[in-house]
Every structure is written in C-alpha cells, then in structure tokens.
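Take a walk through this chain.

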Amino acid sequence: SAVLSISARGMVVPRLNGKPVSDDMFAPEYTDYAKRIQYRTYDVARLLKRGGNTLGAVVGDGWYTGYIGIIMIRDFYGPRTGLLADLRIQYTDGTRDVIATDAAWRCAEGPIISSDMLLGENYDARRDMPGWDRPGFDDSGWKNSEVLEPTDAVLTAQPSQPVRIVDSLKPVAVTEPKPGVFVFDMGQNFAGWARLTVKGPAGTMVTLRFAEMVNPDGTIY
C-alpha cells in the first residue's frame, strides 16, 4: 500500500512518475489559513513501480499569497508558498518507508511565471521542462528547498468533496470583430479553462481574455 498526504500554503498539483496523483482542482481548498490549513490524502500504490520513483508537485500562490477579495491585497496570509507532503509505503514483507518533504527536496521555477485567482496566469512555453516529474531527470540546475517556519494553523483533513472537471465544451460560434482578435462563444456561462492550440515562432505572445457579455461591436465586454 502507498498513501500520500499533501498540503500547501497556496495550491498544489501533485505528480508521481509523470502522472497526476488525482483529478482534484484547487487543492487544498480555501480556509482561514491563519487558523487551519487543509490536506488531501490519496491512494497512490497504482502509480509506484519497482526501482526509481519520482514524487513532485507544482505549487502556486492560490488564495494564500495571491490577491484575495475585493480589496485586492497580496500576501494576506503570508508572503511565501510552501509544500508539505508525506508518502507512507508498506511493502509485502511488512516493512515500511516514510518519504516526507524536507530540505533535501529540489525545486525550480518552471514555465508558469505567475498565476493568480483574480489576475490570471502568465505561461512561457519556452521554459517547459519535459520529464521533470519522471525518474532520470537531470535536476542539477535546481536548488535545494528551504524549510519554512512552522505555522500556528491547525492541519486538518479537507471535509468537503473536491472540485473536479465535469464537462468539456466546444464553441457554438467564432467571430473576428477586429483583425487578429477572435471571440469564442461557448454558448453558456461556466467556470473553467480554455484549451487552445496555436502555432507560431517561439516568443509569440497569445493573450486570452474572458467575459460574460460582448460590446455592440462584438468585442468582449
């Protein structure tokens, strides 16, 4: 058996041997981080294999250090994100291993330059690191993690059902109100992500904006 418990000051997407640990979104979910921080627990035995394994995670600002509420304040709960993980493995002979986050973990900045719940995300595909979450990846250019001071917040299991992707929508119409500006009408209001395939020279900037209405000239409101 293998059970992973994981939390973050911010948001975390855990990965094991190149695959996502779960389909949960926005974990751990929002709380008053000064009082409690939630964690999620996953059965990950199916993702482990004999020999080398790699456990990693993408950590983002989320509601912890990102802009929050209508007052638009950053670092409301603290100035730095952080990761907390605990992987407990029991082997068929009865022996156990506990693998937990510490100063020996390696870290680096990836293609997500910034990511905020209110202001959106900047992603530089030139900084992609294929294979970073798989055994054999060369992390010599990465640096050791820093252990943060403990918090007074209580670590508690998330009691609610997780947020998950439940559907995939295709545009019902596409217009071009201005040269090079395309408006995709999804046919309904919803919360989610845009999936877009583009081609162009490295460094080309593509901007995605989102709205619930359009102006009289067809541009988004």
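A cavity here is a set of grid points where a 1.4 Å probe fits but cannot get out, and its lining residues have an atom within 4 Å of a point. This model is predicted. By that rule it holds 1 cavity of 30 Å³ or more. Val12, Val13, Pro14, Val21, Ser22 and Asp24 line it. That lining divides into 4 nonpolar residues, 1 polar and 1 charged.

Now the overall fold. The chain has 1 helix and 14 strands. Its C-alpha atoms fill a box of roughly 70 × 40 × 35 Å along the principal axes. Of the 221 residues, 24% count as buried.

Next, the charges. Side chains of opposite charge can pair when their charged atoms come close. The whole structure contains 11 salt bridges. In one of them, arginine 74 meets aspartate 61 at 3.3 Å, N to O. Arginine 74 sits in the loop between helix 1 and strand 6, and aspartate 61 in the loop between strand 5 and helix 1, so the pair ties together parts 13 residues apart in sequence. Arginine 74 is partly exposed, at 33% relative accessible area. Aspartate 61 is also partly exposed, at 21%.

Another salt bridge joins arginine 80 and glutamate 146, again at 3.3 Å, N to O. This pair ties together parts 66 residues apart in sequence. Arginine 80 is partly exposed, whereas glutamate 146 counts as exposed.

Finally, the surface. Val174, Phe182, Phe184, Leu196, Val198, Val206, Leu208 and Phe210 make a nonpolar patch of about 790 Å². Valine 198 is found in the segment after strand 14.

How values were computed: Residues numbered from 1 in each chain as written. Predicted model: local features only at pLDDT ≥ 70, side-chain atom pairs only at ≥ 80, totals over all residues. Heavy atoms only, no water. Patch = residues over 30% accessible without salt bridge, like charges linked within 9 Å, V, L, I, M, F, W, Y side chains within 5 Å. Areas by Shrake-Rupley, 256 points an atom, 1.4 Å probe, with all protein chains shown as cover. Salt bridge = Lys/Arg side-chain N within 4 Å of Asp/Glu carboxyl O. Helix = DSSP H or I, 4+ residues; strand = E, 2+ residues; numbered from the N terminus. 1 Å grid on protein atoms, 1.4 Å probe; cavity = no way out; pocket = protein on both sides within 12 Å on 5 of 7 lines; lining within 4 Å. Points joined across faces, edges and corners; volume = space filled by probe spheres on them. Nonpolar A, V, L, I, M, F, W, Y, C, P; charged D, E, K, R; others polar. Buried < 20%, exposed > 50% of the residue type's maximum accessible area, 1.4 Å probe, protein only.
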